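Dear colleague,

Please find the structure below, handed over for your use. My findings follow after it.

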Amino acid sequence: MIYNAVYINFIKSKKLKKMMRVLLTILILISQFTLFAQNKDDDNRPKIGLVLSGGGAKGFAYVGVLKAMEEAGIRPDYITGTSIGSIIGGLYAIGYTPDQLDTLIRAVDWGVVLSNNVPLPYISFEEKEYYNRYLITLPFVDKKLTLPSGIIEGQMLSDLLNLLTWPAMKYDSFDDFPIPFRCIATDVSTGQTIIFKSGSLASALRASMSIPSAFTAVDLDSTLVVDGGILDNFPVREVRKMGADFVIGFNVSSGLSNAKDIGSLAGILTQISMFESLKRMNEDVDSSDFYIKLDLEGYETADFGSTEQILAIGDKIGKENEQRFKDLAKALDIKPKKQEYIKLKPDSIMIGEITVAGNVLVPEKLILSKLAITTGKLVSQEDVESAILRVYGLYSFKKVVYNIKPSTLNDEEFILQIRVVEKQPANLKASVHYDNIFSAGVVLNFTLRNILGRGSRALFVGDISENPRFRFDYLKYFGARERLALEFTYNFLKLDIPQYEEGKKIDVLASTTNRFGLLIRSTHSLKHSFIGGINYTMNRQKYNFSTVLPEQIKNVDFNNFKLVAGVIKNSLNDRNYPTKGRQTLFYINYVFENNYNAHLNDGYESIQPAIDSLVTDLTPDGYGRMYFSHRAYYHFFEKFQMIGGISFGTTISTEKNTSTIFEEYNIGGNQMVTIFDTQMLGLHYAELIEPNFVKISVLLQNVLFKNIYLRYGAQLLSYYPYIPIDNLSLFDFNDMIDNYSMVGYGFQIRYKSVIGPISFGMSGNSRDKYIRYYFQLGFSMNFND
């Protein structure tokens, strides 16, 4: 207490106050002198410019050289780049470290990014069934069928660049970046270079990498721009204009290729277009003060599948030049400075305004509905990326790009600018298929979007084969926020379904079905859809060899109405080759107005009344059906998954006659021709047709190579004849196990080919020991193959 009192009095003394003022003045003078000395040193040091050439995938090697440069304490004052050099340089300029760039490059699936395919999870639920199942798409332009361009629109590349450049949205000018930056593109209209120095960094990088014959040109409203490498693949002059006194240049470009090595028309055109740039490049290389030519012999600009190897070469070249960088740092008297680097998970922002441009056929209300971003609320980077892909998932656009810029009205808000490029409203798609059950066929799909009403889609799909099929599917969005759709469908199926006894073919069921449906479905989610409505089915059946029906009966009609309600969930990462995700189907049907009729062969008219009486006894009143199916992929290792699944179907009725004919479930095979079919190892397609069943499945999947998938395992199936719901005492569990259960086992190997999946499988079951095989190739009209 005494010490505290003395201390307080001392502090309050005038003498101490005077001493503290003097000390504070001295500290300020010292700090100002130190700062002045540092600034003077910085002013005297030559300004360093870094130039990165174009060169496609080979540009990933820059990362290793940047690591070595930074370890020597060298950090440039200015950066310029072209094509891949602009991407690496631009990200480095806004604050990414070389180590962060290394991690990001390894994490990207470049096969997806550099294609026109968007992963299935980002496709609108109502479009998933038709997505990525055709070999070719031919657009109608001015009512004429035209060939596809074969050029990558770059949706996924644009999304990736927007994701990575998110932190740059706060800058008005590229000069405001932690390191001032420029990137180069080529104006198609004037043949002149375009220097990007402000605006959207993502758009600038995408324009600089718009390689002719590979990517579409970027629309800048007044002109189109393509890859800057056409005119200036090594922009030394531009970095000197920015103020660089000393130029460090990294180059992965291989120069002119030997005529025999070009190999394609696209390669010839690319080389011709680069003549002027390559001539200029020799002069710019000579004018560099510090130059490294990265030797990537054996790798091409398109080798994005060799990311690991190219990064490793970059690290090796960086280490080989470590001493050169250290000597340079010493010669330029560079003092290492602490740098601020970027956060890989940036902060959320508030969107104050949303604008949409480029849409003519697709209503803005529908775009905003899919976007599902509310102004005045915080959104994360992931929120915006998912929103943009939901809009693209409408499948009405070639491309959906966006830009985020600060609001001029509120410093805390941003403007989300969306620009869409609509597809041609009419397209013809085609695929081929073959399997050993239903033979070969050609599938044609004629799609009309926003022609039969704005915000609508109409599909005419046909399978020209021995088992012909046709589908008309019309969908029209409606509701205050366009989150519902009215869907009218018509399906025609003519199938010759082999009938088996212990795996051996004994007959053929000729089934012809006409089904009309009117449904309302939810469309707000990418992962699920609720469905409700009514359909009417007309089915005619006959057996070719009369092994099931008496020879007097020519065919039988089964007609009914159904009230339908259900939910479908799908988060699979790929429609044809899934390795992760889940798929769930749950449907409840109420079947009513059942109308069965048996038609007799000529000469048996006298027994028609008796047959009609029998058919009446076998025709049910209204009854219910419940179907559930779920499968999920569980990852143990990167290329090894377990697929767990459970399915069941049941018939709910109070009919006393256990011989009553209900609409039953097809069980068996590798195919799901319709949504209610159940795949089963050890059985051919529809080898069992039962009113009640449950199936448990455990399969393992190995991704043997990049495009080869091996699946194997076992499935337990139990089924049971119809039992009235009010007399369940008839059910005998032991009877089901002994007489109505089996284990199916087998394998399937699937190859991802240019014409679609190629599958071969063999399987058997615990009851008859007969081995079934299955072969399939291409894309069919089945719900699932």
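The notes below cover the conventions, one serine, the nonpolar cores and the salt bridges.

This is a predicted model, in which local features need pLDDT of at least 70 and side-chain atom pairs count only at pLDDT 80 or more, while totals for chains, interfaces and linings use all residues. Residues are numbered from 1 along each chain as its sequence is written, and side-chain values use heavy atoms, with hydrogens and water left out.

Ser 200 sits in the loop between strand S6 (193–196) and helix H9 (201–208); helices (H or I, at least four residues) and strands (E, at least two) are DSSP runs, numbered from the N terminus. Ser 200 has 16% relative accessibility and therefore counts as buried. Here buried means under 20% relative accessible area, exposed over 50%, and partly exposed in between (1.4 Å probe, protein chains only). The side chain of Ser 200 comes to 3.2 Å from the backbone nitrogen of Ser 203. Leaving aside residues up to four places away in sequence, Ser 200 touches Phe 174 and Asn 403, where contact means heavy atoms within 4.5 Å.

A nonpolar core is a set of buried Ala, Val, Leu, Ile, Met, Phe, Trp, Tyr and Cys residues joined through side-chain atoms within 4.5 Å. The largest has 70 residues, of which Phe 60, Ile 88, Ile 248, Phe 250, Leu 294 and Phe 325 touch the most other members. Apart from it lies another core, of 36 residues, including Val 362 and Leu 394.

The structure holds 25 salt bridges, each being a side-chain nitrogen of Lys or Arg within 4 Å of a carboxyl oxygen of Asp or Glu. One of them joins Asp 284 to Arg 237, with the closest N and O atoms 2.9 Å apart. Asp 284 belongs to helix H13 (residues 275–286) and Arg 237 to helix H10 (residues 236–242), so this pair ties together parts that are 47 residues apart in sequence. Asp 284 is buried, at 2% relative accessibility, whereas Arg 237 is partly exposed, at 36%.

Asp 473 and Arg 457 also meet in a salt bridge (3.3 Å, N to O). Asp 473 is in strand S18 (residues 469–478) and Arg 457 in strand S17 (residues 456–465), so the pair ties together parts that are 16 residues apart in sequence. Both residues, Asp 473 and Arg 457, are buried.

Yours sincerely

Terms used
Polar contact = N/O pair within 3.5 Å; in protein donor to acceptor, adjacent residues only side chain to side chain.
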